[in-house]
Protein chains: 2
Amino acid sequence: MTDLVNRRWLLASRPEGEPKAADFRMEEAPVPEPGAGELLIRTIYLSLDPYMRGRMSDAKSYAAPVPIGGVLEGETVGEVVVSNHPDYAVGDVVLNRIGWQSFGLSDGTGLRKLDPGAAPISTALGVLGMPGLTAYAGLKNIGQPKEGETVVVAAASGAVGSVVGQIAKIRGARAVGIAGGPEKCAFVKDELGFDAVIDHRAPDFAAQLAAACPDGIDVYFENVSGKVFDAVFPLFNPFARMPVCGTIAFYNATSFPEMETKVPALMRAILTKRIRIQGFIVYDFAADYPDFARDMAGWIADGHVTYREDIVDGLDRAPVAFMGLLKGGNFGKLVVKVGQDPTRS
Amino acid sequence: MTDLVNRRWLLASRPEGEPKAADFRMEEAPVPEPGAGELLIRTIYLSLDPYMRGRMSDAKSYAAPVPIGGVLEGETVGEVVVSNHPDYAVGDVVLNRIGWQSFGLSDGTGLRKLDPGAAPISTALGVLGMPGLTAYAGLKNIGQPKEGETVVVAAASGAVGSVVGQIAKIRGARAVGIAGGPEKCAFVKDELGFDAVIDHRAPDFAAQLAAACPDGIDVYFENVSGKVFDAVFPLFNPFARMPVCGTIAFYNATSFPEMETKVPALMRAILTKRIRIQGFIVYDFAADYPDFARDMAGWIADGHVTYREDIVDGLDRAPVAFMGLLKGGNFGKLVVKVGQDPTRS
C-alpha cells in the first residue's frame, strides 16, 4: 500500500456562519499500515449529513468537536484491503466511521459487515442506516403516529424526512411534507406517496400548510426549525408530539435568528395543548436497530418505502457538496463516492 | 331552604392583565331546589388555584371559559343538606365543583364522598386532591426523578411545588425549591425538608440557583416560567425532563414578556441535550388517582409529606385572595372557608 496515497479533508478553521471553502484543507498522506489486530479500509462511500456542521463548531454539544487540523468525521462504507483481524477478510464491505479520507484503520470497534447481495451498499448510509433509523426510532419512541393522524416533516425529500413520511403512511397516518422547489415537491408526492407537499419557498407557505392540514398537526418531526416551525406551531393539536432531531435552519446562524414564535407562547401552547417535545440523537435508540433493519428491509422489498440517493463523484467535491447540503442543494440522501464500488458494475 | 340565600361570585368582565375587583360581581340568589335524583350541597371550602385565571379569559385553552355573568368555577368541599339521590345522605361531605358560591346542586356526576375521619376535609382540595395529584402524576409520568438526580420546582411552598419536592426526596432525588421571601424559604427548607431553597427575589437569583445545583438540573417541574425558566434553562443536564403544568408568570400578561431564552436556543438545547418537555393537566392522569390516594395517605401518615394550608375566612374575600395568589401572596394551599366546617370544632 506504500505506493498509494491517502487523501483526506482536514478542518482548517471553524466556520463563522456558513462554511466556506477555506475552512477545509485537503492533505495527502501515506496510507497507514495496519498493526496487529487491525484492518486497512479503503473508503467507497462517504455520508454527508447536517449534524457534521455541529462537529465543526466548538459550541457545547453531545459530541466533541473535530479539532482544528483533524480529519472531518463521517460515516463511510469501505472495503477491507488488508486484514490482521480474525473476523474480517480482504474484500469484506464494512460500515465504519473512517471520515473524509480515502483510507483508514480500524481495530474492528463499531464496524459492521454489510451483505452486498441484500441491498446496494450505499444504502447503509441512508435508508438502511443512521438517517433511516433516526426516522424510525424518532417516530416509534416519540412521534407515535396513530391511524388517521397528521404527520408533518420538513426536508421531506431528504434522507430522514423521506422515511418519516413513508413510515407515517405505513402506520395509517396522513403524511404532509415540506420541500424546496417544484422538482422535490413532485418527488415527495408522486414517488414517495405523501398525501400533500408544500413548497417552503412559496410566499404563502404558512397558509398553504394550514390548508394542507385541515385537521391540525399531531406529529411534527423537527429537523429544520426556523420559519417552518413558526408555521407548524399554531396548527398543533392537543397532545401533539414533536421529536427534535435537527434544527438545520440554525446550524449556520451566528446569532439567534428572529422567530415569530416566542418562548412564552410556546410554553403556553405546550401546557394548554399538552404537547410533548423531545430531543434525541439516533444513538439514544441504538437498541431499535435490529427491529429497524428487519422492518425497513421488508418495506423496501414490498415497495412501501422508496429512497433516492444523491451520489456526488469524488472526494474532492465533498466540501462543496456539504456546503450545499446545509442550503438544501442536495436531492435525496447525499453520499460522496470516494472510490470504486466493486459491487456495482 | 327558601329562607336561605345563595351568595355567589360572577365573572363581571374579562380581566385585562391582572384581575381587578371590578371583574368580579357578588350576587345574592335564592337557594336552588333539588329536583328528582339531585342533591343540594352547602359549600364549606372553596379551592383557589392559578388555573382559574385561564377560565376568566376567552383565549383558546383546554377548557371553555367562564361566560360573562357566569358563576366562577372552582373545586369545593361541601355538605349535603338535601338529598334526593340514593347514594348520598344529608350530612355527607363531598368533593364537587360548585364554584364560587355558597350553595349548589348536583346530580352526583363527578361527586366524591370524603371520609372526615381519614384527613381534614379541606385537604381534598390540596395535598390529597388535584394539586397533590398534579405533582404526583407529573413526576410519575414525565419527570421520573431517579436517585441522586436534582429536581427543581418553583412556588415551592405552594400546593403543587411543596408536594413535588417532597416526592422527589422520597424517590431519592435532591430537591431544590424556589420561593419568594425569607419566611417561605425557611418553611421549604426546614419544614418540607428540601435540600436547598432559593429566593427568587434575590438580585443574584440565577447565580444562587446555579450554585445550589452543582450537578445541573435533571427535572424541572414547570409551574411558573418567565425569569425562573430563564435561570433554569442553562443548567439542564442531558436527558432532562420538564413537566409543564403551569406558567403563572404569564397568566396576567397582556403581551408576551421578554425572556432571555429564545426559541432557537431552546430548540438547540432540546436537541443537543435531548430534553423532554411535556405539558399536561391533571385530568390527563386521572387513572393515577387510586395509587396517588394510597401513596399520599401513607406519606402523610408516616411523616414523609407535610402540608400547609392558607385558609381565608369568608366567600367575600375570595376575589382578593385570588388576585393575591397570582402574585404569590398566599403561603400554602389557598382555600376559602365559605361556611361552617362541621368536622372541626
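Into which domains is chain A divided? Chain A falls into domain 1, which covers 5-126 + 307-337, and domain 2, which covers 130-301. Before I go on, please keep in mind that what we are looking at is a predicted model, and that I will take the values as computed from it.

Let me stay with those two domains for a moment. The C-alpha centres of domain 1 of chain A and domain 2 of chain A lie 27 Å apart, and where the domains meet, 23 residues of domain 1 of chain A are in contact with 16 residues of domain 2 of chain A. Between these domains of chain A an area of about 1,700 Å² is buried, with carbon and sulfur atoms giving 62% of it.

One residue that I would like you to find on the screen is A:N252, which lies in the loop between α7 (248-251) and α8 (263-272) of chain A. Leaving aside residues up to four places away in sequence, A:N252 touches A:G17, A:E18, A:P19, A:R53 and A:L326. A:N252 has a relative accessible area of 17% and is buried, the cut-off for that word being under 20%. The C-alpha atom of A:N252 is separated by 31 Å from that of A:I121, a residue 131 places apart from it along the chain.

Now to the two chains together. How are the two copies related? Chain A can be laid on chain B by a turn of 180 degrees with a shift of 0.0 Å along the axis, and the RMSD is then 0.0 Å; the two copies are thus related as by a two-fold rotation axis. As for where they meet, 100% of the interface residues of chain A are also interface residues in chain B, so the copies meet through the same surface.

The contact between the chains takes 37 residues from chain A and 37 residues from chain B. About 3,000 Å² is buried between chain A and chain B, 72% of it on carbon and sulfur atoms. Within that interface, A:M267, A:L271 and A:R274 supply 21% of the area that chain A buries against chain B, which is more than any other three residues supply.

That brings me to helix α8, which I will describe in chain B. Nine of the ten residues of helix α8 (residues 263-272) of chain B are buried, so this helix is largely enclosed by the rest of the structure. Among the buried residues of α8(B) are B:M267, B:A269, B:I270 and B:L271. Just after α8(B) comes B:R274, which takes a positive phi of about 50 degrees.

In chain A, A:R274 likewise has a positive phi of about 50 degrees although it is not a glycine, and its place is in the loop between α8 and β13 (276-279) of chain A. A:R274 is buried, at a relative accessible area of 12%. Most residues other than glycine have a negative phi, which is the reason for pointing such residues out. A further case is A:S225, which is not a glycine and has a positive phi of about 70 degrees; A:S225 is found in the loop between β11 (217-221) and α6 (227-232) of chain A, and at 1% relative accessibility it counts as buried.

In chain B, B:W9 and B:F24 form an edge-to-face pair, 6.4 Å centre to centre and with 85 degrees between the planes. B:W9 lies in strand β1 (residues 5-11) of chain B and B:F24 in strand β2 (residues 24-30) of chain B, so the pair ties together parts that are 15 residues apart in sequence. Both are buried, B:W9 with a relative accessible area of 11% and B:F24 at 6% relative accessibility.

The rings of B:W100 and B:F322 have centres 5.8 Å apart and planes at 75 degrees, so this pair too is edge-to-face. Because B:W100 lies in the loop between β5 (93-96) and β6 (103-106) of chain B and B:F322 in helix α10 (residues 318-325) of chain B, the pair ties together parts that are 222 residues apart in sequence. B:W100 counts as buried at 1% relative accessibility, and B:F322 at 0%. In chain A, A:W9, A:F24, A:W100 and A:F322 form one aromatic cluster.

Finally, there are charges over rings: the charged end of A:R308 sits over the ring of A:F331, 3.6 Å from its centre, and B:R308 lies over the face of B:F187, at 5.5 Å from the ring centre.

Definitions and conventions. Residues numbered from 1 in each chain as written. Chains lettered and ligands numbered in written order. Predicted model: local features only at pLDDT ≥ 70, side-chain atom pairs only at ≥ 80, totals over all residues. Heavy atoms only, no water. Phe/Tyr/Trp six-rings, centres within 6.5 Å; stacked < 30°, edge-to-face > 60°. Helix = DSSP H or I, 4+ residues; strand = E, 2+ residues; numbered from the N terminus. Buried < 20%, exposed > 50% of the residue type's maximum accessible area, 1.4 Å probe, protein only. Lys NZ or Arg CZ within 6 Å of the ring centre and 35° of its normal. Least-squares fit on C-alpha atoms with pLDDT ≥ 70 in both. Contact = heavy atoms within 4.5 Å. Domains from an automatic or database assignment. Buried area = accessible area lost by both parts, 1.4 Å probe.
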